[in-house]
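Please read each point with the coordinates open.

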Amino acid sequence: MDIAYKTTLELDKILARAVQLCTCRETKETMLALEPYPTTEEERYALAQTNAINTLLIQNGSPRFGSVSDVRRITAHAQKGGILSMGELLEIAATLRNFAGLSQWYGLSDHDMLLTDDLFYALAPQPVLEKQITESILSPEEMADTASVTLHDLRRKIRQTEDSIRTKLDNIIKNSTTNKFLQDAVVSLRNGRYVVPVRAEYRGEVGGIIHDVSSTGATIFVEPTAVVEANARIMQLRAQEQEEITRILSAFSAQVGSLEPQFSYSYDAMLQIDLLLAKARLAVEQNAFMPTVSDTVRFRLNRARHPLIDKKRVVPVDISLGEEYDTLVVTGPNTGGKTVSIKTAGLLNAMAQYGFLIPAHESSVVCHFDEYLVDIGDEQSIEQSLSTFSGHMKRISGILQRAKHGTLTLIDELGAGTDPAEGAALAVSILEQLRRQGSLLMATTHYAELKVYALETPGVVNASCEFNVETLMPTYKLSVGVPGKSNAFLISAKLGIPEEIIAAARNHMSNDDKRLDSVLAQLDDLKLQLKAAQGEAEKARYEAEHALESAEKKRQELIDQGKQELENARRQAHDLMQQVQNDAYALTDELRRIQKDEKTSAAQRAVRAREIARKDTETLLKRTDAKPAVREYVPLKEVQIGQEVVIAELNQTATVTARPDRAGMVEVRAGIMKTKVPLSGLRAPDKMEKRPQREPRRSSTRVQLDKNRKTSMEINLLGYTVEEALAEVDKFLDSGMLRGQQTLYIIHGNGTGALRSAIQKHLRTHKAVKSFRLGRYGEGESGVTVVELK
């Protein structure tokens with residue numbers, strides 16, 4: 001198959017965009033090398049797989065999936081008994097994390113069996129191994145103290161020995177006797193040993209081993225005798241530390257090697273899912289749907305849109321071929337959309353053949369073509385001494401050699417670039433030959449002879465791109481069955497050409513041309529009348545649907561209002577009944593007390609009883625008139641991550657943790673609880689409402705910080721739980737990016753190391769993080785993680 005059509009139809013741009021949506025490098029290479037599926041059954045299967053992933057993507061959102069590379073080489077090296085580096089093991093952990101993320105994503109929603117089920121069933125997550133690697137290896141250059149008990153003990157001894165060395169060297173530096181022999185009151189490292197800088201003239205005054213000399217010779221670096229043994233001890237411990245790290249890496253490598261061949265099966269499935277996810281994401285961008293693939297050589301595209309034209313500006317067109325007619329002759333003025341129409345037909349059929357959903361109505365039908373024969377654009381070549389006409393003829397010559405049943409031929413401006421009479425005759429002859437060879441055919445032209453040929457020939461139909469002569473602008477709408485007018489005279493008159501010149505031009509037209517122009521004018525009038533009638537019918541249908549929708553909405557509102565009023569009445573009646581019972585008991589008790597009062601006469605007791613009864617009756621009547629207060633609110637139209645809102649139904653303050661999904665549900669956090677609430681159920685907090693600020697919990701962990709660090713560059717998470725800390729980290733990173741900061745400091749302390757490990761694991765998957773490391777001396781050391789933003 002000639003692949004020149006990929007560039008001419010701009011399929012290469014579709015593939016390039018799909019490559020950008022792939023996650024893994026190997027998937028990008030596969031997408032670039034993608035070939036059309038060779039059979040109708042394979043095309044159907046590929047489209048169904050893409051549609052299945054597209055359905056999951058719409059229902060579940062994007063999965064947790066990160067880029068990995070070079071994994072096949074890593075696992076092959078491990079299988080042969082090689083020892084993997086820390087960076088390679090982190091790549092394996094990331095791949096295992098992808099397996100788990102895709103498996104979890106697949107099960108987020110209930111669905112029937114899908115054609116992609118085998119891919120997800122092939123995924124074999126190893127959560128224990130992935131967790132062990134992630135917790136043991138902090139970065140490609142650093143292994144955690146907790147990787148093994150032996151490593152933890154060795155590093156503890158190294159730190160203790162280093163502390164003793166620093167103490168001894170500090171005593172030497174601060175000692176008034178030895179201080180005068182030093183060049184600077186600092187401690188440095190030479191050949192892995194702690195040394196002090198001694199002035200050359202005092203080299204004999206400070207006992208020890210000389211390890212280095214400055215370039216000027218004025219300073220020598222001496223390892224004092226007091227720390228020689230301790231330095232040697234550190235060297236020995238560091239050698240043991242490296243041996244333990246190698247042992248840990250060897251154990252992990254053996255585990256990775258034992259995963260084969262299941263790991264390779266899972267990895268291949270992951271790459272295929274990545275490829276399908278890229279196609280599905282492209283479908284969401286283009287609002288694309290899965291078409292039906294025809295068993296015969298025909299296609300019907302309903303409300304088709306060119307995917308490379310802005311969705312807000314593109315005009316949908318209906319194009320069909322191979323059912324009632326096999327040839328479509330498209331006419332109309334320049335820049336009217338003729339070329340776009342035939343390119344849309346070819347591009348959408350080709351996209352489906354590569355397994356892409358197409359931007360057209362889901363009722364569309366595509367065809368599996370053996371070949372796309374395309375002549376669109378200027379083929380002029382100076383090097384080959386070819387004119388525009390010659391270039392076109394060379395391409396058409398190749399098309400005539402390959403055209404057959406099961407091919408789609410697209411020709412732009414057929415017969416143009418030469419004498420009009422000869423060009424029109426040649427164009428008709430080419431169309432007849434291509435039809436005899438059985439190819440489906442779409443061609444654009446300005447020749448009136450081709451319009452007449454389409455009107456008189458069975459199986460050939462005219463189509464035209466509409467043009468508004470009042471605004472001199474094309475509408476880009478395709479009308480099948482009606483030939484288009486060039487409108488040269490009308491356009492010229494609108495642009496100021498004198499009427500006498502236009503009248504003379506009309507006289508130069510042949511009688512046949514005049515009759516054809518008159519027929520086309522009548523067809524245009526009929527088309528406008530039909531369009532107006534269709535518009536009125538559409539308007540009436542819309543008004544009827546809108547009226548029915550409004551009535552249904554009003555009916556539902558009345559039902560909801562009645563339910564609410566009934567519920568309020570029941571609640572009010574229950575409260576009133578309870579209060580009446582309480583008042584009745586109180587009234588009975590009061591009357592009994594009055595009757596037992598012997599000092600009061602019977603008449604006075606009766607007056608007192610009537611007075612109590614009257615007051616209680618008035619109170620009850622007032623209560624029955626009270627109406628429940630229903631608070632009205634204005635729902636929010638949009639929210640941002642981190643925004644403070646109020647859940648209207650509960651009158652509960654919450655914080656937005658994720659933007660609304662496709663169903664309009666917003667994830668919010670209220671206290672320690674996370675939930676999803678409809679966007680319409682959220683309101684803005686009251687301006688005068690004062691909420692108590694949460695006092696951060698304090699921990700006894702102490703971290704030494706750099707005094708020159710700005711407050712906006714650091715966040716203190718001491719005393720937070722892991723869940724609370726990760727939420728605060730996300731807010732802190734977002735704020736840092738908005739402020740344009742490059743370096744941020746996360747204070748988590750040492751403690752058990754669980755909070756530090758959770759934060760650093762979270763940072764590895766955060767899109768805003770370029771790199772991170774533990775703090776150095778003076779920055780907080782292992783109690784602080786230093787983050788570099790992208």
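1. In helix α4, the buried residues are Thr40, Glu43, Ala46, Leu47, Gln49, Thr50, Ala52, Ile53, Asn54, Leu56, Leu57 and Asn60, where buried means under 20% relative accessible area, exposed over 50% and partly exposed in between, with a 1.4 Å probe and protein chains only. Helices here are DSSP runs of H or I with at least four residues, strands are runs of E with at least two, and both are numbered from the N terminus. An α-helix has 3.6 residues a turn, so residues three or four places apart point the same way.

2. Two remarks on provenance apply throughout. This is a predicted model, in which local features need pLDDT of at least 70 and side-chain atom pairs count only at pLDDT 80 or more, while totals for chains, interfaces and linings use all residues. Residues are numbered from 1 along each chain as its sequence is written, and side-chain values use heavy atoms, with hydrogens and water left out.

3. On the overall make-up, the protein has 22 helices and 25 strands, and buried residues account for 40% of its 790 residues. Taking contact as heavy atoms within 4.5 Å, 66% of the contacts with a separation of 6 or more join residues 24 or more positions apart.

4. Helix α4 covers residues 40-60, that is 21 residues, and spans 30 Å from its first C-alpha to its last, close to the 30 Å expected at 1.5 Å a residue; the expected span is 1.5 Å times one less than the number of residues. The helix is followed by glycine 61, which has a positive phi near 75 degrees. The cover over the buried residues of α4 includes α6 (86-106), α7 (117-121), α12 (262-286), β7 (292-293), α13 (338-353) and β11 (365-366).

5. Which residues does glutamine 49 contact, leaving aside its neighbours within four places in sequence? They are Leu115, Thr116, Leu119 and Leu276. Glutamine 49 lies in helix α4 and counts as buried because its relative accessible area is 13%. Its C-alpha is 9.5 Å from that of aspartate 117, although 68 residues separate glutamine 49 and aspartate 117 in sequence.

6. Threonine 116 sits in the loop between α6 and α7 and is counted as buried because its relative accessibility is 0%. Not counting residues up to four places away in sequence, threonine 116 touches Gln49, Ala52, Ile53 and Leu276.

7. Leucine 102 belongs to helix α6 and is also buried, with a relative accessible area of 0%. Beyond its neighbours within four places in sequence, leucine 102 is in contact with Pro63, Arg64, Phe65, Phe120, Leu123, Met270, Ile273 and Leu277. Leucine 102 and leucine 123 are 21 residues apart in sequence, and their C-alpha atoms are 8.2 Å apart.

8. A nonpolar core is taken as a set of buried Ala, Val, Leu, Ile, Met, Phe, Trp, Tyr and Cys residues joined through side-chain atoms within 4.5 Å. The largest such core has 53 residues, of which Leu11, Met31, Phe299, Leu328, Phe356 and Met442 touch the most other members, and α13 gives the most to this core, with seven residues. Apart from it lies another core of 45 residues, among them Leu90, Leu129, Ala147 and Phe252.

9. For the open spaces, a 1 Å grid over the protein atoms alone is used: a cavity is a set of points where a 1.4 Å probe fits but cannot get out, a pocket is an open set with protein on both sides within 12 Å along at least five of seven lines, and lining residues have an atom within 4 Å of a point. Grid points are joined across faces, edges and corners, and a volume is the space filled by probe spheres set on the points. The second largest pocket holds about 1,200 Å³; 37 residues line this pocket, and the closest to its centre are Glu142, Arg159, Leu774, Glu781 and Ser782. Helix α9 gives the most to the lining of this pocket, with seven residues.

10. The largest cavity has a volume of about 40 Å³ and is lined by Phe99, Ala124, Gln126, Leu259, Gln262, Phe263 and Ser266. Helix α12 gives the most to the lining of this cavity, with three residues.
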